[in-house]
Structure formats: C-alpha cells, structure tokens
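Okay, thanks for having me. I'd like to walk you through one structure today, from the overall picture down to a few side chains.

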Amino acid sequence: MSTAAPTTTPLPAEWRDFFALTKPRVMSLVVFTGLAGLLAAPGSIHPVLGFTAVLCIAMGAGGAAALNQWWEADLDAKMKRTHQRPLPAGRMDRGDARDFGLVLSGFSVMIMGLAIHWLAAIILAISIVYYAVIYTMWLKPRTPQNIVIGGGAGAFPPLIGWIAVTGEITLMPVLLFAIIFIWTPPHFWALALFVKTDYAEAGIPMMPVVAGEKSTRRQVLAYSVLLLATAMVPWAIGETGPIYGISALVLSAIFVALSVPVGLRSSQPEDGMKPEKRLFAFSILYLFALFTALVIDRMVLA
C-alpha cells in the first residue's frame, strides 16, 4: 500500500461512493461475460440459482475493485483519470473502503459455495485474489507485463459462469478464458497510449512508459492478430457453429484492421490519439458482440 499521509478529513460517504468503489463500468463487462458463460454452457440451471451465480460474480468483482482502490488511493490521486474517485477525493475513509471490499468478496465466495457449488466458489476466490493481490499489489507497480499477466483476473467470469452450470472445467470455458486473456493487452494498451502521462506521473510502469510507444504499438498489433487466431479456435475445433464462427472472424478482422494504424504510426503532439481511442472503444464492443454471438450460437445449436 502506498504510504503518503492523508491530507483531508474524509466526508461521510454516500451509497454512490460505495457503488463507485465497485467500478460499475468495468463490472458491466464482467457480469455480461459471466452471464454469457452461464448461458452458453451445456446443461441447465434453475433461474434463481443462475441469477445468484451472476450476482456472486458481480459481488466478487466489486469487492476486488474496492480493494484495488483502497490499495491505490494515493496513486489514483496523482492521475487525472482517477483523482475524483471516492478515496483520493476525500469522500470516504480508507478503512471503510477496505472493509467494504473484504465483506463483499467474502460474501460472494460464501454464497457461491453454499448456493451453487464449491468449485465455482474456489475459482471466484482465485479471481478476487488474482486481481486484488497478484495484479494490484504485486505486478502493477513492478513490471510492464502487469497487464499481460494480470489480465487473467478479468478472464475468469465466463469460466465461473460455465462451471456454475456444469460443475466442471472443460476445454471450452478455458478457451473463453484465453480469449479475454489475449484481448486484455491490446484493449488496455490502447488506453495506456493516450493516458501515458498519467501513468508516468504516478510512477506506474505501464508498457508505453517503460518500453516506449513504438514497442507498445507493435505489441498491440501482435496481440490483435493473436486474438483473431484465439477467437477462431472454438469454431475450428467444432465447439461452436457458424453464427459464432463468422461473427468471431468479422469482429476480429475489424479489431486487427483498427490495430494496424495504431501499430504502425507515431503519435504527434496534439493529434488527439484518434486511432488509439477508436481501438479502445471498439475493443469493448468487440467483447460484448463476440459473447452475444456465442450465446446465440449455442442456443441455436441446442
């Protein structure tokens, strides 16, 4: 945890501040991919239990996000993108944020275990520790590979959703994990390219800060091509039908096409970083569209 002394007396936090701790925009993608994994899995689950499983995934993600913000409060205060969060803005006591994250995480794992089963609960617990401890506390401040390795934290939801239905880990949910794992670097480095100054001022060794823009851009393009290949595997091995296969091919081809100008160009002062912002925005749409196609494909095949 960063050690800078608090500079303001925290104001009474509102429910909006606690909600903000859960990173609701990020959580929406987590919940969606978790739900997609649950709906795409073979077999069935009672709707109440299915809702409970997705709720636990959301609570776990929210708890991990709160712990992330508790640990990084002083770093967030140095960055334009994050300085208005509840802790750096002085609207919340640091201990309250930590306790909120721990309680939310603990409840999510316990309810998942009692209501669904313990394999899903164990994977959920691993995902929380992966994000809050391995990524936030260990990788992020130490290595530019933080996003590459730490990206695994955001890849767990479809795996957990799938396990909630089937009770076992098979090849297909592992492939869904792999798709999000490979998607994370080009998604996040596109963002890091246009907020590089923020990360540099906060002393966080993100790839553009440590390795420079040129290297980061080449890696964005390389990971985008790798993402195309990875996204096609479920169709190539017969786990999905043409709805998913064609959607994955078209969406991934667009992803690569948008990565080309990012990978090959050099930014100029005041150029607005439009290619990078366009890729970042599409990368979010990509994941929503790809997993929607997966669910439709599985339902049609069923």
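**An all-helix model, walked through**

Let's start with how the chain packs: of the contacts in the protein with a separation of 6 or more, 74% are between residues 24 or more positions apart. Keep in mind that this is a predicted model.

On secondary structure, we have 14 helices and zero strands.

What about the overall dimensions? Along the principal axes, the C-alpha trace spans about 60 × 50 × 25 Å. For 302 residues, a compact globule would have a radius of gyration near 19 Å, and the protein comes out at 19 Å, which agrees. As for cover, 51% of the 302 residues count as buried. The protein exposes about 13,500 Å², and carbon and sulfur atoms supply 69% of that.

Now a bit from the record. The unreviewed UniProt entry annotates "transmembrane region" over residues 26–45, 51–71, 100–133, 159–183, 220–237, 243–267 and 279–296. I picked two of those spans to look at in the model. Residues 279–296 are 100% helix and 0% strand, with the end C-alpha atoms 25 Å apart. Residues 159–183 are 84% helix and 0% strand, and there the end C-alpha atoms lie 15 Å apart.

Next, the surface. Which residues make the nonpolar patch? They are Met110, Leu114, Trp118, Ile122 and Ile126, and together they make about 520 Å² of nonpolar surface. The elements giving two or more residues to this patch are helix H5 (94–116) and helix H6 (118–139). H6 has the largest share, with three residues. Met110 is on the H5 side of things, and it counts as partly exposed because its relative accessibility is 44%.

Moving inside, let me use Leu67 as an example of packing. Leu67 sits in helix H3 and counts as buried, at 9% relative accessibility. Leaving out residues up to four places away in sequence, Leu67 touches Arg98, Gly101, Leu102, Ser105 and Ala132. Take Leu102 from that list: Leu67 and Leu102 are 35 residues apart along the chain, yet their C-alpha atoms are separated by 7.3 Å.

On to charges. How many salt bridges does a search of the whole structure find? The count is 10. One of them joins Lys140 and Glu72, at 3.1 Å from N to O. Lys140 is in the loop between H6 and helix H7 (146–150), while Glu72 is in the loop between helix H3 (47–71) and helix H4 (73–76), so this pair ties together parts that are 68 residues apart in sequence. Are the two partners buried or exposed? Lys140 is buried, with a relative accessible area of 10%, and Glu72 counts as buried too, at 2%.

Asp76 pairs with Arg85 through their side chains, at 3.2 Å from N to O. Asp76 is buried as well, with a relative accessible area of 3%. Then there's Glu14 with Arg16, where the closest N and O atoms are 3.1 Å apart. Glu14 counts as partly exposed, at 44% relative accessibility. And if you like networks, there's one of salt bridges linking Lys196, Glu213, Arg217, Arg265 and Glu276.

Last topic, backbone torsions. As a reminder, most residues other than glycine have a negative phi. Here are two residues that go the other way. Lys23 has a phi near 50 degrees, a positive value in a residue other than glycine. Where is Lys23? In the loop between helix H1 (15–21) and helix H2 (24–40). Lys23 is buried, since its relative accessible area is 15% and the cut-off for buried is under 20%.

The other residue is Met273, which is not a glycine either but has a positive phi of about 50 degrees. Met273 also sits in a loop, between helix H13 (242–264) and helix H14 (274–301). At 11% relative accessibility, Met273 counts as buried.

Terms used:
Residues numbered from 1 in each chain as written. Predicted model: local features only at pLDDT ≥ 70, side-chain atom pairs only at ≥ 80, totals over all residues. Heavy atoms only, no water. UniProt positions renumbered as here; feature names shortened; annotations may be inferred. Helix = DSSP H or I, 4+ residues; strand = E, 2+ residues; numbered from the N terminus. Patch = residues over 30% accessible without salt bridge, like charges linked within 9 Å, V, L, I, M, F, W, Y side chains within 5 Å. Areas by Shrake-Rupley, 256 points an atom, 1.4 Å probe, with all protein chains shown as cover. Salt bridge = Lys/Arg side-chain N within 4 Å of Asp/Glu carboxyl O. Buried < 20%, exposed > 50% of the residue type's maximum accessible area, 1.4 Å probe, protein only. Rg over C-alpha atoms; globule rule 2.2 N^0.38 Å. Contact = heavy atoms within 4.5 Å.
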